[in-house]
Amino acid sequence: MKHHPASPPPSRLGAPSSLRPVVIYAVFAALWILFSDQLVAMLFQDAATLTLVSTLKGWLFVAVTSLLLYGLIYRQLDLAAQLARREQAALQAQADAQRLLTEICDNSSDAIFAKDRQGRYLLFSREAGRVTGQPVAGVLGQDDSLLFPAAELAAIHANDQRVMADNRTHTYEETVSTVDGKVVFLATKGPLHDSQGQVCGLFGIARDITARKALEEEQRIAAIAFESQEGMLLTQADGVIMRVNRAFSLLTGYSAAEVLGRTPALLKSGRHEPAFFDAMWQQIREHGYWQGELWNRRKNGSLFIAWLTISAVRGEDQQISHFVGAFADVTSHREAEAEIHRLAYYDPLTQLPNRRLLQDRIRQALATSQRSRHYGALIFLDLDHFKNLNDTRGHNVGDQLLLATAQRLQLHVRASDSVARLGGDEFVLLLEDLGHAAQEAAIQAEQVAEKIRTALTLPFQLGELTFHATASLGITLFLGHSESAESLLKYADVAMYQAKTAGRDTLRFYDPSMQTALEERSQLESDLHLALADEQLQLYYQVQLNDQQQLIGAEALLRWQHPQRGLVPPGQFIPLAEETGLILPIGQWVLQQACRQLAAWQRAGNALQQLSVNVSARQFRQPDFVAQVEDALASSGADPTQLMIELTESMVLDDVEDTLHKMQALRRLGISFSLDDFGTGNSSLAYLTRLPLDELKIDKSFILNLPHSRNDAIIAQTIIAMATGLGLRVLAEGVETRAQRDFLQQHHCQAYQGFLFSRPLPQAEFDQLRQQLAAAV
Ligand SMILES: Nc1nc2c(ncn2[C@@H]2O[C@H](COP(=O)(O)O[C@H]3[C@@H](O)[C@H](n4cnc5c(=O)[nH]c(N)nc54)O[C@@H]3COP(=O)(O)O)[C@@H](O)[C@H]2O)c(=O)[nH]1
């Protein structure tokens, strides 16, 4: 760049040009004085000298005048030259400034531009041309529609207008499409003015801040992410905590100030071995990452399970510079999962494995047995008469027995064996590793089963109740995969039923023939469901006589007229009905039918003195049993005094208070009571005196061997004496022979029932018998 000095060039005369005319005139004046005529005349007397002086004076005048003229002309010429030089310098400065501007524009990494009021480009820098992909020359005089899509023009235009309207500089972020894609510019735009100071356009300097914006966005997202729901902590490479988020404080109870400068070791729960952390850090060092669950301790000491991710952050030198930890409290998830697992695989009452888990364990045991060729065994256990306890004492007491049973079972198996509860009173034991030989395995399984059977006979203390339980057990052996888990369970179940059939409180091994019996039982059960609806049930009547052979009443006995099997005796289906709960509708039907028959006889003028009806424990324990009886009497119109309800000793003893309460209520209606099967239970004189009984029935097992059996004879006599003493009528059932009847009569038995007089008969035949008996009197 050239330098243009502001001062003019030095004078050739050696003096400043402004002094030059003064000097000239000063010299002239001096010389003029010197050569004045008077002075010359005074100084020089001769003419020649005077002429010479006069001539010199003339020449001097000419020289001075010429010099003066020359000075004037020179001065004018010098001024013109100066002016020309100044103009030249100004033009040069202008050109320099233009070139400077162009150079700045073209070398700037920012896009620089200027537009007129109409938005036409006046200036467009090289960078502006590059990003828009347009030649600079082609853009000048054009507006933005040449450069940007229509959708982007409005914002640019609005910004431009604002700058011009405000007449001041503004900075905008403008996002436009360029050859580099969408680019965010930080555009500084200011007004341009014309010579009158009017806004005539605008200039702009636009800087590409796309990368910076992206970085800012990343940082913003990272900041949001850091403040997420997950606990976050950032540590130095040495583990010292540098930063934690709010969720960290919420989850751990530690404020940021409390943990900064410390290490995450302050969260240690003490539940993990050092090896756990060694493995964790080794993985982070090798893979830069670890994810998993660990127990942590909050500030308040409580523990929680954290699902933790640790990521190593490496610097440019690839060395770990930081660690980022993110964790969520998954304690409730894990608890819920554990609860779901517990519910899915464990019995909620006893916490023993349930059927699902047992089946799984059996499958595993089969696989183990397949490999080892060692036998295993399944023992299926069912408590005897558990339903009675449940029905009579309530579910709470029943549950206590199940819990106590579960505990005893666990005491008598090895840790490697499994005890499961399938439901109700059914338990299964899975024994493994019983040796190579079947016989040896059977002996071992039997020993365990026997030990358990014996253990269960020891009294259970259920609250205030001392309870004696027994159980029936079925055993099946297995070796390898010869049978499926389901089949084995079925076999053990079948064997258990065999044990029940054999009189309970015993054990049986599985025999394939048992399966048939089980299937029959299950068929019977489904048939029984239909029996009521299809009116296959009937009441038979068995006469009861006094010692004068006179009819004093009858017992209603249930029969099932099965379409294929014929007449099914109650001994075969009443226990099944009790187990399935069908006894409730069946028992209700019996009551109603008995009352209807009593009323029919009454209406026919053939009233029966008394009709005994059997009631099951489950039926009697129903809270609305009294109402059911009332309903049967009311709907039939039967006389309550003709109805006698037979209860058993065990029923009465199960809950004496409830029994008493119901008996008293029924007694108020006029109903009488007979105590059935007397002598077979825990005969207790104490309760006999408390209950509103009318009759004792000596169980037929004591009659069967009379009069020969001395024991039975004594028992029968005692019962008769006791009943008489209590003012109760005594009835002997199962009287089949005259000898029995005679013996009983000798000992003052008052009433009799048995095949000697008649079998239970259908109503029509019973009516005929009654007529015959009446005629005989
Ligand atoms: N809950 C209900 N139980 C009922 C009902 N009907 C009957 N039962 C009970 O079923 C058991 C078997 O009854 P059943 O096969 O009818 O046997 C009764 C008589 O047939 C039988 N009996 C009568 N005389 C003799 C005899 O001389 N010898 C002999 N071997 N058996 C004889 O005794 C049974 C009557 O017993 P009990 O009821 O104890 O008086 C039985 O337990 C019935 O209770 C019902 O409707 N509901």
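Notes on strands, sheets, cores and the ligand shell

1. Leu233 stands opposite Val244, a residue of strand S7. The model discussed here is a predicted one. The pair belongs to a set of three bridges that join strand S6 to S7 (residues 241-244), with the two strands running antiparallel. S6 and S7 make a hairpin in which four residues lie between the strands. Gly239 sits in that turn and has a positive phi of about 90°.

2. S6 has a further partner. Six bridges connect S6 (residues 231-236) with strand S10 (residues 320-329), and this pairing is antiparallel as well. Within it, Gly231 is placed opposite Phe327 of S10.

3. Is Met242 buried, exposed or partly exposed? Met242 belongs to strand S7. Because 13 other C-beta atoms lie within 10 Å, Met242 counts as partly exposed. Apart from neighbours within four places in sequence, the residues in contact with Met242 are Leu234, Thr235, Gln236 and Leu260. Met242 and Val259 are 17 residues apart along the chain, and 8.5 Å separates their C-alpha atoms.

4. Strand S1 (residues 111-116) is joined to S2 over three bridges in the antiparallel sense. In this pairing Ala114 faces Leu123 of S2.

5. Another open sheet of five strands runs in the order S12-S13-S11-S16-S17, and its pairing is mixed. Strand S12 (418-423) and strand S17 (507-509) are at the edges with a single partner strand each, so one side of each has no neighbour in the sheet. The twist here averages 20° from one strand to the next. Strand S16 (residues 471-478) pairs with S17 in the parallel sense over three bridges. Ile475 has Phe509 in S17 as its bridge partner.

6. Helix H14 (residues 395-411) touches strand S11 (376-383), S12 and strand S13 (426-431), and its direction makes about 155° with that of S12. Helix H16 (residues 485-501) touches S11, S13, S16 and S17; the angle between its direction and that of S16 is about 140°.

7. Why is S11 described as largely enclosed by the rest of the structure? Eight of the eight residues of S11 are buried, and therefore the strand is largely enclosed. Both of its faces are covered. Gly376, Leu378, Phe380 and Asp382 lie on one side, with Ala377, Ile379, Leu381 and Leu383 on the other, and all of them are buried.

8. S11 also has two strand partners to check. Eight bridges join S11 to S16 in an antiparallel pairing, where Phe380 stands opposite Gly474. Six bridges join S11 to S13, again antiparallel, and there Leu381 is opposite Phe427.

9. The largest nonpolar core holds 64 residues, and the members that touch the most others are Ala594, Leu611, Val613, Leu643, Ile645, Ile698 and Val730. Helix H19 gives this core its largest share, seven residues. A separate core has 48 residues, among them Leu431, Ala469, Ala492 and Ala495.

10. Which residues come nearest to the ligand? There are 24 residues around the ligand, and the nearest are Leu558, Pro570, Asn614, Gly754 and Phe755. The shell contains 10 nonpolar, eight polar and six charged residues. At least two shell residues come from each of strand S19 (551-562), helix H18 (570-580), helix H19 (583-603) and strand S23 (672-678).

Methods: Residues numbered from 1 in each chain as written. Predicted model: local features only at pLDDT ≥ 70, side-chain atom pairs only at ≥ 80, totals over all residues. Near = placed C-beta within 6 Å. Nonpolar A, V, L, I, M, F, W, Y, C, P; charged D, E, K, R; others polar. Pairing = 2+ DSSP bridges. Core = buried A, V, L, I, M, F, W, Y, C linked by C-beta atoms within 7 Å. Buried ≥ 20, exposed ≤ 12 C-beta atoms within 10 Å, placed from the backbone. Axes fitted to C-alpha atoms, helices over the stretch in contact; angles between N-to-C directions. Contact = placed C-beta atoms within 7 Å.
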